[in-house]
Amino acid sequence: KMMQNVHLAPENNEDDLYSGYNDYNPMFDTKDLENDVAFQQAARTSHGRRPPVTAKIPGTSSPRPLATGFGADYLNISSLFEDGVSRPMTAVQAAGYTKAAVRGSSFDPLGQARGPASPLEKKTSDSSEEKMRQLEKKVNELVEESCVANSCGDLKSALEKAKEAGRQERELLRQREQIAPPESINLDLTYTVLLNLASQYVANEMYAEALTTYQVIVKNKMFSSGGILKVNMGNIYLKQRNYSKAIKFYRMALDQITSSHKQMRIKIMENIGVAFIKTGQYFDAISSFEEIMSISPNLKAGFNLILCYFAIGNGEQMKKAFKNLIEVPLEVDYEDKYILLNDDLHTNLLIEAIKNDSLSQIIRERKLLAEEYIMTAAKLIAPAIETSFAVGYDWCVDVVKASHYVELANDLEINKATTYLRQHNFNQALETLKMFEKKDSRVKSAAATNLSFLYYLGNELEQATNYADLAVNSDRYNPAALTNKGNTVFANGDCEKAAEFYKEALRNDSLCTEALYNLGLAYKKLNRIDEALDCFLKLHAILPNSAQVLYQLASIYQIMEDPNQAIEWLLQLISVVPTDPHVLSKLGNLYDTEGDKSQAFHYYCESYRYFPSNIEVIEWLGAYYIDTQFCEKAIEYFERAALILPTQVKWQLMVASCYRRSGNYQKALEKYKVIHRKFPENVECLRFLVRLCTDMGLKEVQEYITKLKKAEKLKEIREQRIKSGRDGSARGRKEGSGGGSHSCIDSGGTKGERLSAKLKALPATSEPYESSNSKEIGKWTSYPFFTFMVLRERRNPLGPQPERPKTAARKRTEEDDFADEELGEDLLPE
């Protein structure tokens, strides 16, 4: 039926592609398509194609023609327009399209009036190929997840996912082998899975498993690029310190990498050279580094070459290698492009913007790295290339001045002075630094800062102040100069002004820890405890393991009468310096104040173990054993005190008293006799001798009684002289006379006698915690040419500093007596 309306399109001129465009052709009449069974069946198929023709269409006498210009394509297109609206087909030559719609039809190109289209036939997912495709996709996802987990730091999860990817990939291989030839295996996927698994093993430090996995890749000839992984295997052996195997695998990798991969070969040769250095084979290492410097010179290889020549002691080769190091091209642009040449606002803003972009940061990092290598190499070879350190350093300075690192020459000179300081050659350091007084402002400020520091160490405050002023005037933004200026002001007693200099230094450099520490000390001196505490807490956040900061925090909390917090900070300090005897004794003192005798005893014992000459610690331990009724143990400590202070009769009397209290009267009597021979005028010793001889019924009692009376009379005369001298001096002061007082020290000692010298016990709050007063010059330097000086309130090795208050040590008034307060009345004579 439909074929009656089908007409071939008229032949048109090839030049007139759109002839007959508006002519109506009855072929486009689609009214009867609904009754066309073949058409409807074709429209319902998944691709809109006609099914194979097996019989004639009813109502026709011949099969449906398929060779016409409008066949299946016509039916496929017409199925979209059930209402008969024609759609232009410009791709079909002379389609006979007409703009006019068929009479009685409405324009509905999307077929909305017809309703939803019949669903397409679903793909079958049961095929083996589709299953393998999905499995391959899952393997790739597992590899990606493993890499992401590794980048996030979850190494365990990364390894688990890598293992799971390996299991899934092996399952995929088994399925492919069953249905496809071996050539269809995805080798890239297998390589990726194995490489990722080996990398995750390395990240988890499972080196044996990683080496096994790498071996699987390397031995498989199907992986064309597997040989390069021998570099990874060499890296593992290098981590395991198996240097011979590392060198072997590096060399095998080097043989398999072509010369086109120049940078990779250079890196492998560097690894070989480093491995030779580790094994002490310096000549082999020199061969590797020299080859690198001849092919593609770089800073790391040049520096390592200098180290090798230094190890074998070849001075001439060190000079040559140093020159080669300086000539290594950095391939960076210098500061010319950042100079503002005109008043163009847009250009100036652009230049300011690029001064700190990522490229500029890379350039700065390269320059800093180059300067670090050159400075370190110069310091290393200077004493070895010439007859003396100074001559060698001068040679390095001359070479640097002739290169494009000319700015480093001044830094090397400053470093030369610092080296003199480390060698305790202060005069040469001063002479070297004074050469920079006429240099540019930056170098002058650095040199003046160090000179100020040196004069401060020598307790020459006037010269230190002058050079501190010169440093500040040369560079007002130099935090080291401002810190040293504050130190000189602090030493002169003006803590308020010193605090201002420290704060200005912190405004220029918020990480200037020396200024922050000194500011805390200044606030502490001014009794502004809260502000001092804030400074040291900030400093603790920057330097969490600084012993000095921890000690200062403990000291401040003790001043604030918070012993619990002080104990907490001291416990942290003990974790940093576990063998410091003064910190241990300080901790014992705090526990004793809090009434915790057991903890106090523990820390006093630890302090005594590390420093058995602290009199206060010995005194406390002896008193503790007497209080706990272990007088025999106390004897050990009092005898040590007597050895330390042999002119002090007090400690020998305590030994004799311990013998007496423990019931060993014979030992006590012998000890008192020894004391009497050394101190014949000591009244206490004679009283004990009289008492013991009386109790024991000895004949010597009368002799000791006579000596006791003479000693008491002599003591009374001396006390009267002292009293009359005090009265005379008091009258002289009232009358405005210049008369002085006379003092007389009883060598025998009395009941209220104190130690003849101040006991060296706990450090004061403004003193350092160290038991030693030695200072190392290097501790005061923060970086090569700026010397930062921390104002530590302790004795200077080059001269005494002004006396500072000692508030941490427990004060004992002159009226306190060891026997009365600590040992009880029963140890004294009746």
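1. E130 and R133 both lie in helix α3 (residues 128-151), 3 residues apart, about one turn of the helix, helices being DSSP runs of H or I with at least four residues, numbered from the N terminus. Their side chains meet in a salt bridge at 2.5 Å, N to O, the term standing for a side-chain nitrogen of Lys or Arg within 4 Å of a carboxyl oxygen of Asp or Glu. E130 is partly exposed at 23% relative accessibility, and R133 is partly exposed at 44% (buried means under 20% relative accessible area, exposed over 50%, partly exposed in between, with a 1.4 Å probe and protein chains only).

2. This is a predicted model, in which local features need pLDDT of at least 70 and side-chain atom pairs count only at pLDDT 80 or more, while totals for chains, interfaces and linings use all residues. Residues are numbered from 1 along each chain as its sequence is written, and side-chain values use heavy atoms, with hydrogens and water left out.

3. The structure holds 18 salt bridges, and one of them joins the side chains of R476 and E504 at 2.9 Å, N to O. Because R476 lies in the loop between α19 (461-474) and α20 whereas E504 belongs to helix α21 (residues 495-508), the pair ties together parts that are 28 residues apart in sequence. R476 is partly exposed at 40% relative accessibility, but E504 is buried at 16%.

4. D592 forms a salt bridge with K597, the closest N and O atoms being 2.6 Å apart; D592 is buried at 12%, and K597 is partly exposed at 41%.

Terms used:
Helix = DSSP H or I, 4+ residues; strand = E, 2+ residues; numbered from the N terminus.
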